[in-house]
Each structure stands twice: as structure tokens, then as C-alpha cells.
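My entries follow in the order in which I checked them.

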Amino acid sequence: MTAAPRLMPASPLLEQAEDFLRLYHREVGYAGGQDGLEARLETARSELTRTGHYTLTPGELTHGARVAWRNSARCVGRLPWRALEVRDLRHATHPDEVFAQLLAHLHGAFNGGRIRPVISVFGPGVRIHNPQLIRYAGYPRPDGGVVGDPENVALTDHLRRLGWGGGPGSPFDVLPLAIEAGGEVQLYDLPAEAIHEVPLTHPDCPALGALGLKWHALPVISDMALEIGGLDFACAPFNGWYLETEIAARNLADQDRYNQLPAVARALGLDTSRARTLWQDRALVELNVAALHSFDAAGVRLSDHHAATRQFVRFEEEEARAGRAVRGRWSWLVPPLSPATTPVWHRHYEDGDESPRFVRGQAAWVKLQRPERGCPFH
Ligand code: ARG
């Protein structure tokens with residue numbers, strides 16, 4: 001058997017660049033049609049040969065970030081992927097400048113409660129240690145319990161080693177940001193006006209409101225790299241808006257997070273003596289009712305699992321019309337509350353993230369307790 005004649009193997013980066021530039025041409029298009037594409041491929045090739053690197057145009061970066069969202073197999077909220085606002089901050093590499101831009105991101109994304117999906121793409125050498133811009137501290141107690149969010153105990157400890165003096169010690173102390181740039185790490189406190197939180201109340205159970213539960217309005221993932229055409233943007237924090245189950249069926253409910261179902265059940269006057277009374281299930285539903293009710297009352301955008309999964313099916317239909325296959329991770333797409341009442345339960349998905357995509361690397365400083373648990377939708 002003779003080997004098939006082969007052309008010189010292209011560098012993997014060049015291949016990935018070409019794949020992406022072709023995708024961009026198919027979906028957006030270069031001026032001048034096929035000639036425009038050939039010309040663009042040629043500039044990328046020559047830049048790569050000269051420097052080992054190539055530079056995306058602002059238009060390519062924007063589309064690449066949107067497609068990375070469209071390709072996120074674990075995300076049920078992808079329908080509005082075209083509306084992602086992309087902030088091209090590739091020139092920003094100084095930590096003070098990064099922090100100022102993060103404040104602008106938080107402000108523009110919150111948008112008075114009408115939350116907009118936004119991504120900020122920073123320059124080389126920048127990393128944010130926090131997995132999200134807004135995270136609550138977790139302080140271990142001598143009895144083995146935790147004040148605050150048990151998920152963030154290691155992060156809290158890391159920030160203290162970096163010099164953070166600690167917060168007031170409430171269950172909801174917002175952590176400072178650790179911004180690394182050019183090998184140096186600096187801590188920044190988020191000012192109160194950058195953090196919007198919604199206190200949870202229930203439409204007909206005042207005792208639930210008296211528990212003092214709340215959550216922040218914006219989920220801004222800050223530890224995933226954005227990969228486009230073989231290029232990695234290590235600091236590219238992005239946000240959508242919350243789905244009520246993320247807050248009320250997981251963050252506040254999980255036994256290894258805020259573990260609030262027993263307190264909620266007591267507030268509701270349920271019989272908690274046996275699991276068979278389904279007190280956990282009933283408390284879970286009412287806590288989700290409280291989240292939707294409270295965010296609505298505060299004028300802050302929050303999706304519910306019925307609307308979100310219906311929209312996901314619309315996304316699948318749109319993608320099918322565009323001739324593209326949708327990948328999905330079923331266990332992340334189905335909501336953790338009443339899953340079989342939603343259409344995704346009954347559908348089948350092929351897993352896998354295609355490029356452009358978001359990738360979570362192992363943070364240098366952490367032996368992250370549960371990497372799979374930084375879960376967008378559970
Ligand atoms: N599940 C994460 C949290 O509860 C947020 C992940 C992103 N979610 C989103 N709706 N974009 O904080």
C-alpha cells in the first residue's frame with residue numbers, strides 16, 4: 001500500500017484560522033465575495049508566517065464570540081446568540097483599566113434590570129481568578145459548617161492569601177476581584193452600585209421573605225477562555241440573565257450550597273418529619289415561585305424553566321433552517337425542577353463543543369473542588 005500524496009501539512013493554527021475565516025464568510029461574508037475571502041485568507045497566512053500569530057478584525061471577533069455562545073452545548077439560553085454585545089478590549093492589559101472596563105460591563109449588562117448579554121474581550125496576559133465577577137464568600141465555621149456559599153470556600157481562602165482582609169461575615173459578602181495581568185495579581189473591591197441584588201419574598205408566605213434570602217442579578221462567567229479560529233482569549237467575561245432554577249433549585253437549595261430547603265419548609269409550615277411528605281419538593285417549588293415573584297417585582301430579568309426550554313426548541317428549529325446541527329448536553333439542558341414537564345426532557349442531544357467555543361481551563365491557583373460544578377444552568 002502506498003501512502004497517498006500529501007501536501008505540506010499546514011500548521012494547526014493556520015488550519016483553524018482558515019476554518020474560522022471560511023465560517024465567517026459563509027455566515028457574514030467578506031466584501032467582494034469569493035475574492036474577498038481569498039484575500040483575507042492570504043493576509044492571515046502571511047501574518048502567521050511572519051509572526052506566528054494572526055489578528056481578527058473587530059467584525060470577526062464579534063461574530064466569533066456570538067458563535068461560541070451558539071455552540072455552547074451546555075447552555076439552554078442560546079436563542080438570542082446574535083444579540084450578544086461584544087466589547088473589543090484587546091488593547092486593555094493594565095489591571096486598573098481591566099477593572100474599570102469590568103465596571104462598565106456590569107453597568108451596561110444590568111441596564112436598569114433589562115439585562116443584556118454582553119462579553120468583554122481583553123488583551124493578552126490578563127486573567128481573572130474569580131469564576132464569576134459576583135460571588136459570595138464562604139467562611140468555614142469551627143463546627144464544620146460554612147457561613148455563605150460553600151462553593152467559594154477555596155476562592156475565599158485564595159483571596160485572603162492575596163491580602164483580602166475579609167468581609168463583614170454575612171452569608172452574602174461579595175468577594176473582591178483578583179485580576180492578573182503581566183504576571184502580577186491585584187485585588188479590587190466592587191463598589192456597592194456595581195452589584196444589584198434581589199431580596200427574595202413570596203407572594204403569599206411572608207415567613208419565606210423573612211428568611212433573608214437574596215441573590216445577585218447578573219451571572220458573569222469570568223474563568224472561561226474564548227477560542228476563535230485557534231486563538232485563545234483567556235480573559236473574556238460574559239453574561240446572560242439568570243434562569244430561576246439556577247438560583248432557587250440549585251444555589252440556595254443544594255445541600256452542599258446554601259441548603260435552604262429545611263428553612264423554607266419550616267416557613268411554609270410543612271411536615272418535615274418524613275421525606276415521604278414531599279416537603280423538599282414542595283419547598284423547592286415555592287422557593288422557585290419566590291425567585292420569579294421577587295425578580296419580577298424588582299424589575300430584573302429572570303427566565304423560567306418553561307419559557308427557557310420552549311425557547312431552546314425554537315433555537316433548534318432556527319438552526320435546522322440554517323442547515324446547522326445543534327449540539328447539546330442533555331443533563332445540563334433539562335431543568336432541575338419538573339424536568340419532564342419541559343420539551344427538552346423528551347428530546348435527544350449529541351454532546352460536544354465545536355469551535356468557536358468557550359473553554360474552562362484549570363485555574364492555576366486552584367485545586368477546584370468540583371470543576372464540573374461551575375455549571376451554567378444547574
Ligand atoms: N449557574 C451559575 C450560577 O448560578 C450561572 C451560570 C450562567 N448562567 C446564565 N444564566 N447565564 O451562578
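Cysteines. I looked up C75 and found it buried, at a relative accessible area of 10%; buried means under 20% relative accessible area, exposed over 50%, and partly exposed in between, with a 1.4 Å probe and protein chains only. C205 is buried too, at 9%. I then searched for disulfides, taken as pairs of cysteine sulfur atoms within 2.5 Å, and the structure holds zero.

Ground rules. I note that this is a predicted model, in which local features need pLDDT of at least 70 and side-chain atom pairs count only at pLDDT 80 or more, while totals for chains, interfaces and linings use all residues. Residues are numbered from 1 along each chain as its sequence is written, and side-chain values use heavy atoms, with hydrogens and water left out.

Helix α1. Helices are DSSP runs of H or I with at least four residues, strands are runs of E with at least two, and both are numbered from the N terminus. I took α1, residues 12-27, and counted 16 residues. From first C-alpha to last it reaches 23 Å, close to the 22 Å expected at 1.5 Å a residue, where the expected span is 1.5 Å times one less than the number of residues. Just after α1, G29 takes a positive phi of about 100 degrees.

Packing of α1. I listed its buried residues: L13, L14, A17, E18, F20, L21, L23, Y24 and H25. They pack against α2 (33-51), α3 (58-70), β11 (224-228) and β12 (231-233), with contact meaning heavy atoms within 4.5 Å.

Which residues of α2 does α1 meet? I found G33, Q34, L37, R40, L41, A44, R45 and L48 on the α2 side, and L13, L14, A17, E18, L21, R22 and H25 on the α1 side. The two helices pack at about 155 degrees, with axes 10 Å apart. That makes α1 roughly antiparallel to α2, since angles over 145 degrees count as roughly antiparallel, under 35 as roughly parallel, 65 to 115 as roughly perpendicular and the rest as oblique. Axes are lines fitted to C-alpha atoms, for helices over the stretch in contact, and angles run from 0 to 180 degrees between N-to-C directions.

Backbone. The peptide bond from S355 to P356 is cis, with omega near -5 degrees; P356 lies in the loop between α11 (330-333) and β14 (357-360). N111 is not a glycine, yet has a positive phi of about 50 degrees. L278, also not a glycine, has a positive phi of about 60 degrees and is partly exposed at 46% relative accessibility.
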